[in-house]
Amino acid sequence: MAAWSMASLMIVAAIFLLSLTSASVVHGRSSRRRSYDEPCKEMRLYFHDILYDFSNSTANSTSAVVASPAALLRAAKNTTIFGTTVVFNDPMTEGTSALPPSLEETAVRAQGLYLYDGKAASTLNAWLAFSVVFNSTARRGTLSLMGADPSTATRDISVVRGTSDFFMSRGVATLRADAVEGFTYFRLLMDIKLYECYI
């Protein structure tokens with residue numbers, strides 16, 4: 001019985017190692033890990049959000065409110081935007097804060113949602129979940145980011161995974177407000193540092 005258990009464990013271990021090796025071969029990646037002391041890849045992107053508010057053009061808008069505060073909150077004279085959910089498909093620019101001339105033809109886009117979860121009227125705390133989609137000859141693939149977005153000058157959110165050129169990448173993105181124009185436009189400066197790279 002003990003010999004059978006040891007043989008079974010050896011077979012399971014061999015299958016597990018073979019699956020890891022074949023996954024690396026299939027994706028053309030090495031399974032080499034980098035040191036966590038310094039990033040293995042860094043990039044700076046500008047995130048442009050143009051909120052549709054019924055007065056601007058839907059052709060130029062890149063985000064829209066899809067859920068508003070509940071009727072109960074409004075009835076209680078709640079002055080916050082707690083519960084408001086925004087879906088976006090925003091253009092991102094690399095190395096410059098200028099908005100691209102054609103919003104649909106940008107090589108990098110942020111696609112996802114943010115929801116306001118702060119109950120205090122003086123704060124705009126939010127929670128973000130989105131993918132940065134790269135579609136150019138220089139880079140292809142996605143990075144998935146998520147985390148709390150408190151009302152602070154800088155904040156960090158997690159890079160939880162990646163695909164294609166960013167296969168299995170993880171790291172941190174530091175966000176800073178770069179420009180705000182009323183309620184309908186804001187631009188974030190996003191410094192992405194990947195600490196786990198398999199390319």
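User: Where in the protein chain is confidence lowest, and where is it highest?

Analyst: Confidence is lowest in helix 1, at a mean of 49, and highest in strand 7, at 92. The score is pLDDT, the predictor's confidence in each residue, from 0 to 100. Helices (H or I, at least four residues) and strands (E, at least two) are DSSP runs, numbered from the N terminus. This is a predicted model, in which local features need pLDDT of at least 70, side-chain atom pairs count only at pLDDT 80 or more, and totals for chains, interfaces and linings use all residues. Residues are numbered from 1 along each chain as its sequence is written, and side-chain values use heavy atoms, with hydrogens and water left out.

User: What does the protein chain average in pLDDT?

Analyst: The average is 76, and 67% of the residues score at least 70. Over residues 16–31, pLDDT stays under 50. For that stretch the model has 10 contacts beyond four places in sequence. Contact means heavy atoms within 4.5 Å.

User: What pattern does the protein chain follow along the sequence?

Analyst: The pattern reads α-β-β-α-β-β-β-β-β-β-β. That comes to two helices and nine strands.

User: Why is the link between Cys40 and Cys197 called a disulfide?

Analyst: A disulfide is a pair of cysteine sulfur atoms within 2.5 Å. Cys40 and Cys197 have an S to S distance of 1.9 Å, so the pair meets the definition. The count by this rule comes to one disulfide.

User: What makes this disulfide right-handed?

Analyst: The torsion about the S-S bond of Cys40 and Cys197 is about 75°, so the disulfide is right-handed. Cys40 lies in the loop between helix 1 (2–27) and strand 1, and Cys197 in the segment after strand 9. The pair therefore ties together parts that are 157 residues apart in sequence.

User: How do you know that Val108 is buried?

Analyst: Buried means under 20% relative accessible area, exposed over 50%, and partly exposed in between (1.4 Å probe, protein chains only). Val108 has a relative accessible area of 3%, so Val108 is buried. Val108 is in strand 4. Arg109 is in strand 4 too. Arg109 counts as buried at 10% relative accessibility.

User: What makes the link between Arg109 and Asn89 a polar contact?

Analyst: A polar contact is a pair of N or O atoms within 3.5 Å; within protein, one must be able to donate a hydrogen and the other to accept it, and residues adjacent in sequence count only if both atoms are side-chain atoms. The side chains of Arg109 and Asn89 are joined at 2.7 Å, so the distance falls within the cut-off.

User: How do you know that strand 4 pairs with strand 5?

Analyst: Two strands pair if DSSP finds at least two bridges between them. Strand 4 and strand 5 have nine bridges, in the antiparallel sense. Val108 stands opposite Phe134 in strand 5. Strand 3 and strand 4 also run antiparallel, joined by eight bridges.

User: What makes a set of residues a nonpolar core, and how many residues has the largest?

Analyst: A nonpolar core is a set of buried Ala, Val, Leu, Ile, Met, Phe, Trp, Tyr and Cys residues joined through side-chain atoms within 4.5 Å. The largest has 29 residues. Those with the most contacts inside it include Phe130 and Val132. Strand 5 gives the most to this core, with five residues.
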